[in-house]
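Please read them beside the coordinates.

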Amino acid sequence: MAKTKHLDAVDLGVGYGGKDYAKDLQKLQRELMAVHLARFRGGHRTIILFEGWDAAGKGGCIKRLVHYLDPRMCRVWPIAAPVGREKDHHYLYRFWQRLPELGCMAVFDRSWYGRVLVERVEGLATEKEWHRAYEEINEFERMLTDDGVLIIKFFLHVSAEEQASRFIKRFEDPVKRWKLTEADFHNRSLRPIYAEAIEDMLEKTSTGNAPWQIIPAESKKGARIAVLQKCIEEMSKGIDLSPPEISTEIENLIRALEAG
């Protein structure tokens, strides 16, 4: 039986407790936009990464997260298996190439943690390789945070029953059916093995500079709200959120426009 103390401690009954989801969502999205612009003005870099079970809602959270953000300052990186030259290099190579520029944000839909999750479970990395990856990842993230990069790591957790329900709904929806693959069912059949790998990941790579945030995601609305709230909380720390000062010249030009 896999040890699942971190996952078992999550209250999956937590959901959206508000009265007007659309209103609350938009309010948080606009708050995040203001925080993101303040970080851009200050040259602060941000990495937000998502891991989680298949059909846990990573894509939906990312879609709501970046909705109001300027795409010139924010890039979303969907991560699949390495291809081409990526296979010739250390597994972190392709992630170095996707790190955010000054003032910008990079959002990873899956990430370098594939080395200790899918690559471990599927035998795509040797036992020696994935064992040493915990230290490599911690050092990678430490170098980034020491250089001023904020890293926010989310793991979206759903029960096996909720995952099954979402698979069925995807199959029944022609628009979403493309999301469902044989790999999803293969991964589901290995859920206890993946749970053990997830537990090791959470135990060994949740550090003071880059802790894991485990999000109960049985409620899609609740998960989206929780992700936005946590991003705003973390991204606001130590940041001057006051509007930028306007020069006298611009103020005079505005007054001239107002006067007609």
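The points below cover the basis of the values, then the aromatic rings, then the arginines.

1. Basis. This is a predicted model, in which local features need pLDDT of at least 70 and side-chain atom pairs count only at pLDDT 80 or more, while totals for chains, interfaces and linings use all residues. Residues are numbered from 1 along each chain as its sequence is written, and side-chain values use heavy atoms, with hydrogens and water left out.

2. Aromatic pairs. Rings of Phe, Tyr and Trp (for Trp, the six-membered ring) pair if their centres lie within 6.5 Å; planes under 30 degrees apart count as stacked, over 60 as edge-to-face and the rest as tilted. The count by this rule is 12 aromatic pairs. Phe108 and Trp112 are edge-to-face, because their ring centres are 5.3 Å apart and their planes stand at 65°. Trp112 also pairs with Tyr113: the centres are 6.5 Å apart and the planes at 35°, so this pair is tilted.

3. Cluster and burial. One aromatic cluster is formed by Phe95, Trp96, Phe108, Trp112, Tyr113, Phe140 and Trp212. Buried means under 20% relative accessible area, exposed over 50%, and partly exposed in between (1.4 Å probe, protein chains only). Phe108 and Trp112 are both buried; the value for Trp112 is 1%. Tyr113 is buried too, with a relative accessible area of 0%.

4. Charges over rings. A charge sits over a ring if NZ of Lys or CZ of Arg is within 6 Å of the ring centre and within 35 degrees of the ring normal. Arg30 lies over the face of Tyr68, 5.8 Å from the ring centre. For Arg120 over the ring of Trp130, the distance to the centre is 4.1 Å.

5. Arg120. This residue belongs to helix H5 (residues 118-121); helices (H or I, at least four residues) and strands (E, at least two) are DSSP runs, numbered from the N terminus. Arg120 is buried, at 16% relative accessible area. Contact means heavy atoms within 4.5 Å. Leaving aside neighbours within four places in sequence, the contacts of Arg120 include Trp130, Tyr134, Glu196 and Asp200.

6. Arg45. Where is Arg45 found? It is in the loop between helix H2 (21-42) and strand E1 (46-52). Arg45 counts as buried, at 17% relative accessibility. Its side chain reaches the backbone oxygen of Asp147 at 2.6 Å. Not counting residues up to four places away in sequence, Arg45 touches Asp147, Gly148, Val149 and Leu150, among others.

Technical notes. A polar contact is a pair of N or O atoms within 3.5 Å; within protein, one must be able to donate a hydrogen and the other to accept it, and residues adjacent in sequence count only if both atoms are side-chain atoms.
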